[in-house]
Amino acid sequence: MAVIINKWRELDRWFVVGAGLSVILALPVLAILFSYSHLSAELWRHLYDTTLSEYLTNSVLLTLGVGLGSMFLGVALAWCVTQYTFWGRGFFEWALLLPLAMPAYIIAYTYTGMFDQFGWFDSRTLLGAIVLMSLVLYPYVYILAKTAFSSQQHTYQDAAASLGVTHARYFFKVALPIARPAVFTGMALAMMEALADYGTVAYFGISTFTTGIFRTWFGMGEMQLASQLAGALAVFVLLVLGLEKYSRRNMRFYQTQIPHQDMRVNTYTNTQSKPFLSPLLMSVFCLVVLAVAFIIPVFQLCIWAWEFAEVSVIDEYLSLVSNSFLLAFSTSVLIVALALLLSYAQRFSTHSQVSGLTQFAALGYAIPGTVLAIGVLQPLGWLDEQINVLWAFVFDEYIGLVFSGTFVALMFAYCVRFLSVALHNTQNGLERIKPNVDDAVLTLGLGRLRIFSRIHLPLLKKSILAAGILVFVDVLKELPATLILRPFNFNTLAVKAFEYATDERLLAAALPSVTIVLVGIIPVILLTRAMK
Amino acid sequence: MKKLAVALALSLLSPLSLPSMALANDNVVEAELNIYSARKEVLIKPLLDKFSEQYNVKINLVTGKADALLARAKSEGQFSPVDIIITTDVGRLARAKSQSLTQPMTAMLPEFVTLKDQDNHWVALTTRNRPILINPLTVDSNTITSYEDLIKPIFKGRVCIRSSSNIYNQSLVAAMIIQKGEEQALAWSKGLVENFARRPKGGDRDQIKALVSGVCDVAVANTYYLAAMRNADEASQAIANQVKVIWPNQSDRGVHLNISGIAIAKHAKNIHAANLLIETMLQKEAQYWYANTNYEYPVDPSIEWSGTLKAMGTFKHESIDLNQVGELNAQALRIMDKAGWR
């Protein structure tokens, strides 16, 4: 007995936690990759001969375009609001997060509908898709870059300024390289979302890898081949993420002191020299981005909703709102908790493999929701069958489905899909805390729980809140997995909006769409206030 | 271990041991009915609510994309709660049957029902047609009387149609394979791509809008969307009223026809209620609702069409084995891939 207890004490429990959770969360992706057990050369040949190159080209262009677009917008806006004082800065600081609440397919439908009225402009091109997606996905970069810029130390600025480095040069040579992990993380999230997008590209008639996946599945009835395509997508993303990590293998980015409370004390903007951008220009820039990405489409949706709304459906809407809100809230709490556990497992475990495992478990974000949902159904269906066989053996009756078709399946799918969003934020936050802080606390005889509650939590607060907001809004917007996995008689706002939109009733879709945006705004506002 | 094996064997057999009794008796229907529907909630709920009230059956509904719902039913296997599968095209019904996800229905089908599976695995509830639409200001309606006319050189750069990922286009080409052969279907698809006014994008309504805004002069779309636009907001009405319907191939095979249909799931537990629902859906009241609220063509010929449907005129439609249309779906897609129809 004592031996077992000793073994347990010696066992790296963080490794067990990290590896265990990762394996469970990786099951759907593994189920998808398992489709490679049956390869049809003939089908692949057909794809290769006809459409594959077009899928690849469009997907690569779209993903790169959205990555660059959201990087440019996110970094530029974050730099402005953290470094300068200009008209409306306090408002823009949180308002610029709002486009996050706008699902890409809804902004696509809205602008197409608006331009249709004039008839002379067609937004339904690859460039249109890149611009519209960048406009709603840049907040991923913005929120991370803002935290990174505002926690950079003023001593760097003082040093640079004293050496005669201009602010512009300081940005490119010092601030941006230090913020690189955060910026890349944001870009990766935006790019993965663009890669997995179906609604926008399908509506715009752009053949991408994702539309190809559904074409082979729905059109040809070849689910295996569709899963294989999705698996290839996931492996590609894994490679890119791995490459980026490898490229900064020898770099560490720590925050050695809590940043100065008053951000307005800025070595550069306080000097008498002219800033390299005029304050007025910055106000205009922020306003234009916010207007195009959020104010104009929301205004248009409100007009349509107002024209079309019927009072009789108000009860139904209240239940849709509460369904969507509760689901998004409880899921985001669960996912952030999981992300924290995994981040800590990575930090505390002596096994370096944990990092790779969590990376793999977080792959779900790059896989189209519908395919992922099927990946979730397979292991759960198997589990349900085993439970029923066992139950029948003991009690002589079946209990039916325990996981499939219940909230368990739905929330599991969300965890797999959105873990990445939360994990990137928590990992990023933790990475900035030097390990010697932990060592210092541990030598003082305090436990790891204390490290978390006394030292890490205050330092991580922003990252945790950011993770929470992003996951909340993502779940609120999520459509494909919800559509397949939801229990009987359970609808969300996104499902409602989708049903009208695919029936080509854009006006009727306006009310649920604008409600998604409004419900999404509430936590964004509350939490950004709390973050100050 | 032996007991476990027995339990396993029993668990596999259990659905078969369920009584597959003939016909639903109004008094003995089950208290619940679980439905997977590819038809949108607003387009089915009113009928289901009525059924629920009339027979005191609680309806549980999940809507979604047909193939995704079929995949769900498949992975749920023998414990799947689903009793009824509703789809909006025949291809999915044929696919459900071939994947052993359905069972023969025992409902008493009215005499007018001809659009059904030969083994009674599914039955059509409504029909949907896919004619040619033109802008009468720019196209002389005498120049276009068939799908084949769409590939004439005079229509080069003037044809709008949505993506070949769309199921209605897939079944259009599948039906063409059956009636004209694979080679001709490929030649037609290639010719159509040659005549495209633009890269396929948007839905059927977008093609109708494109006709009026001058992007193209000829389009292919389901009447269901045109009829809905003619009854929508003023702006949509103004557009839809400028478009003329051409019923193609009236002197030979007729306009392309698809159906929305219903099937009973293989592992259904509430078989009586399921059969009863099918019977109800084919009754006059439900058929009338489809034709007048939803602008689809009822399968019951005695139902009077709505004004909108009447205004579009009468027509002859294809008469082919619909199961075959479903089976040829994949081949149709490959042909469209080869033709460069995206």
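In chain B, strand 7 and strand 8 (residues 218-220) are paired in the parallel sense, and two bridges join them. Within this pairing, Cys160(B) has Ala219(B) of strand 8 as its bridge partner. The model described here is a predicted one.

Chain B as a whole is divided into two domains: domain 1 comprises 19-128 + 258-304, and domain 2 comprises 129-256 + 314-339. A distance of 28 Å separates the C-alpha centres of domain 1 and domain 2 of chain B. To the contact between them, domain 1 of chain B contributes 15 residues and domain 2 of chain B contributes 16 residues. On the domain 1 side of this contact, at least two residues each are supplied by helix 4 (90-98), strand 5 (122-130) and strand 10 (256-265) of chain B. Helix 4 of chain B provides the largest share of that side, with five residues. By class, the domain 1 side of chain B that touches domain 2 consists of seven nonpolar, three polar and five charged residues.

In chain A, helix 4 (residues 52-83) packs against helix 7 (residues 126-150) at an angle of about 40°, the two axes lying 5 Å apart. Helix 4 and helix 7 of chain A are therefore oblique to each other. Their crossing in chain A is right-handed. The contact of helix 4 with helix 7 of chain A includes 22 nonpolar residues, together with eight polar and one charged.

The two chains also meet each other: 44 residues of chain A are in contact with 47 residues of chain B. On the chain A side, helix 3 (41-50), helix 10 (199-204), helix 11 (209-219), helix 17 (369-395) and helix 21 (480-485) each supply at least two residues. The largest share of the side of chain A that touches chain B comes from helix 17 of chain A, which accounts for 11 residues. In terms of residue class, the side of chain A that touches chain B has 18 nonpolar, 17 polar and nine charged residues.

Definitions and conventions:
Residues are numbered from 1 along each chain as its sequence is written. Chains are lettered from A and ligands numbered from 1 in the order in which they are written. This is a predicted model: local features need pLDDT of at least 70, side-chain atom pairs count only at pLDDT 80 or more; totals for chains, interfaces and linings use all residues. Domain bounds come from an automatic or database domain assignment. Two residues are in contact if their C-beta atoms, placed from the backbone, lie within 7 Å. Helices (H or I, at least four residues) and strands (E, at least two) are DSSP runs, numbered from the N terminus. Ala, Val, Leu, Ile, Met, Phe, Trp, Tyr, Cys and Pro count as nonpolar, Asp, Glu, Lys and Arg as charged, and the others, Gly among them, as polar. Axes are lines fitted to C-alpha atoms, for helices over the stretch in contact, and angles run from 0 to 180 degrees between N-to-C directions. Angles under 35 degrees count as roughly parallel, over 145 as roughly antiparallel, 65 to 115 as roughly perpendicular and the rest as oblique. A crossing is left-handed if the near helix is turned anticlockwise from the far one by less than a right angle, and right-handed if clockwise. Two strands pair if DSSP finds at least two bridges between them.
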